[in-house]
Every structure is written in structure tokens, then in C-alpha cells.
Amino acid sequence: MQLKAIHHVALICGDYARSRAFYVDLLGLRVIAETLRDERQSWKLDLALPEGGQLELFSFPTPPDRPSHPEAKGLRHLAFTVEDVAAAKDWLEARGVTVEPIRTDALTGRRFTFFADPDGLPLELYEG
């Protein structure tokens with residue numbers, strides 16, 4: 001077996017409308033499909049990532065909170081490559097998003113920073 005790529009990352013959101021606006025309207029991800037699953041009282045939103053992968057947003061009536069931040073078992077953070085971390089940081093902050101100070105990766109020498117989605121999931125911007 002040889003893995004070729006990551007197909008998708010799935011996230012469960014606490015407030016579907018708020019998360020949809022964050023990922024679609026703010027971050028600019030393109031909607032592939034949006035499905036209401038009546039039997040589960042759940043939305044599923046498929047979003048296209050720039051390099052061909054997908055981000056799936058799910059809503060459920062009462063999802064549990066994340067047990068700790070950010071060192072819980074499971075997904076630690078989701079990282080996006082950007083051309084210029086400082087410009088991306090400024091862009092997000094101009095739209096009311098709190099962004100951590102820019103740091104430099106000691107192993108690669110590249111700049112990065114973190115911010116959070118509406119449910120507190122850590123998101124990283126990594127200069128590519």
C-alpha cells in the first residue's frame with residue numbers, strides 16, 4: 001500500500017452557521033456540497049482546499065467540548081500554507097480574528113503563527 005495524499009479532514013462544529021461563515025466567508029474555502037441529514041439533525045459541508053484535499057464540517061445537536069487545548073489526544077492543529085505569514089496575520093486581524101505572534105520554526109527557519117476557528121480548534125498559518 002502507498003498513501004498518495006490526504007483526502008479530507010473532518011471537523012465537528014458547535015455552531016454550524018458560525019463555522020460555515022468562518023471557513024467559507026472568511027477563509028474563502030469553496031463549497032463542494034452541503035447536505036442536511038434530517039435523521040441525524042446534522043449538516044455536512046464539504047469544502048475544497050486549494051491543493052485538492054477537502055475539509056468536512058459536521059454539525060450535531062450536542063457535541064461534547066474538546067477536553068483540553070491544544071494537547072488533547074487526536075488532532076492537534078490544522079495547518080495552512082500561505083505565501084506571507086505577516087500579511088495573512090494582518091488580514092485576519094483586520095477582520096477581528098485574534099492571531100498569536102509570529103514565530104520561526106527552529107527546524108526549517110520558516111515563519112508560522114496560530115489562530116483558532118469558532119470552536120477553538122487551533123489553526124496554523126505556515127509560510128511556504
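Predicted model: local features only at pLDDT ≥ 70, side-chain atom pairs only at ≥ 80, totals over all residues.

Trainee: What makes the radius of gyration of the protein chain agree with a compact globule?

Mentor: The radius is taken over C-alpha atoms, and the globule rule is 2.2 Å times the number of residues to the power 0.38. For 128 residues a compact globule would have a value near 14 Å, and the protein chain has 15 Å, so the two agree.

Trainee: Why is the pair of arginine 20 and glutamate 34 called a salt bridge?

Mentor: The term asks for a side-chain nitrogen of Lys or Arg within 4 Å of a carboxyl oxygen of Asp or Glu. Here the closest N and O atoms are 2.8 Å apart, and the pair qualifies. Arginine 20 sits in helix H1 (residues 16–26) and glutamate 34 in strand S2 (residues 30–37), so the bridge ties together parts 14 residues apart in sequence. Helices (H or I, at least four residues) and strands (E, at least two) are DSSP runs, numbered from the N terminus.

Trainee: How do you know that arginine 20 is partly exposed?

Mentor: Buried means under 20% relative accessible area, exposed over 50%, and partly exposed in between (1.4 Å probe, protein chains only). Arginine 20 has 24%, so it counts as partly exposed.

Notes: Residues numbered from 1 in each chain as written. Heavy atoms only, no water.
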